[in-house]
Amino acid sequence: NFMDLCEYITKKKCILSVNTNGTFLAENADRIVRDKWHGLFVSLDGFEDINDKIRGKGSYRRVIEGFKAINEAKRKYNTHLPYMGIVTTINNINYQSLDKLAEAAGDFGLSWHIINLGTYTNDDVIERQQEFMRRELDTEIFCLQAYNTGYNENIDGDVFKEILKKVHAIDNGYPIITVPVIDPDKIGEYYSDLDIIVRDNCIVPWSQANIDYNGNVHFCADY
């Protein structure tokens with residue numbers, strides 16, 4: 001009953017933003033626009049061959065069809081809602097073609113492109129972070145293992161820094177945002193040496209809480 005829940009939320013005059021892999025956008029496009037969803041964050045990690053390798057065969061085509069269907073429905077109802085954007089999570093499969101994806105995305109009818117540098121870890125970092133959280137904050141964390149994927153390995157920081165410069169020079173009429181915000185010269189360290197701290201501070205523990213599906217509450221979705 002997800003679509004009914006979304007309709008209820010918008011009827012109550014709440015802002016509704018949905019993160020999605022985009023594979024069911026086309027078949028629900030008319031209702032999404034009619035119910036006045038506010039924002040769609042759609043995962044798109046590359047062109048067809050790369051995106052399908054990461055997210056499953058046929059996923060790229062379904063996302064593109066979804067964008068077309070949403071834009072057609074917006075014209076039908078004469079509305080600018082929902083605003084749409086893509087989120088590209090960087091890994092060692094897709095980073096070298098990011099600039100080409102960013103250029104092509106200008107034809108998708110988007111309002112933003114978020115480049116997520118990704119969160120990566122390893123067994124040693126996980127063990128030390130868990131021990132720190134127990135000692136200092138008396139809490140257990142279970143999410144870190146999901147970031148122990150190895151997709152950070154062999155990313156060439158110098159090459160990727162130059163690619164990011166190209167990407168941020170593209171003018172598609174909407175912002176292209178890289179998160180987290182780090183010094184470009186530390187891009188290589190971010191992926192190659194997980195013990196190096198590349199961010200100096202974070203306000204998340206003082207500004208938000210994350211509630212898991214099972215009711216557990218954490219300071220941060222990542223740590």
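1. Arg135 is partly exposed, with a relative accessible area of 49%; the classes used here are buried (under 20% relative accessible area), exposed (over 50%) and partly exposed (in between), with a 1.4 Å probe and protein chains only. Glu131 is likewise partly exposed, at 38%. These two residues form a salt bridge in which the closest N and O atoms are 2.3 Å apart, the term meaning a side-chain nitrogen of Lys or Arg within 4 Å of a carboxyl oxygen of Asp or Glu. Arg135 and Glu131 are four residues apart in helix H6 (residues 123–137), so about one helical turn separates them. Helices are DSSP runs (H or I) of at least four residues and strands (E) of at least two, numbered from the N terminus.

2. The model is predicted: local features require pLDDT of at least 70 and side-chain atom pairs pLDDT 80 or more, whereas totals for chains, interfaces and linings use all residues. Residues are numbered from 1 along each chain as its sequence is written, and side-chain values use heavy atoms, without hydrogens and water.

3. A salt bridge also links Glu162 and Lys165, at 3.5 Å from N to O. Both residues belong to helix H7 (residues 157–168), where they are three residues apart, about one turn of the helix. Glu162 is partly exposed at 38% relative accessible area, while Lys165 is exposed at 52%.

4. In helix H1, Lys11 and Glu7 are four residues apart, about one helical turn. Their side chains meet in a salt bridge of 2.9 Å, N to O, and Lys11 is exposed at 59% relative accessibility. How many salt bridges does the count give? The count comes to 15.

5. Helix H1 (residues 2–11) also contains Leu5, which is partly exposed at 45% relative accessibility. Phe2, Leu5 and Tyr8 form a nonpolar surface patch with about 330 Å² of accessible area together. Patch residues have over 30% relative accessible area and no salt bridge; nonpolar side chains (Val, Leu, Ile, Met, Phe, Trp, Tyr) are joined within 5 Å, and like charges within 9 Å. Accessible areas come from the Shrake-Rupley method with a 1.4 Å probe, and for residues only the protein chains shown count as cover.

6. The second largest pocket is lined by 25 residues, and those nearest its centre are Thr89, Asn116, Gly118, Thr119 and Tyr147. A pocket is an open set of points, on a 1 Å grid over the protein atoms alone, where a 1.4 Å probe fits, with protein on both sides within 12 Å along at least five of seven lines; lining residues have an atom within 4 Å of a point. Helix H3 gives the most to this lining, with three residues.
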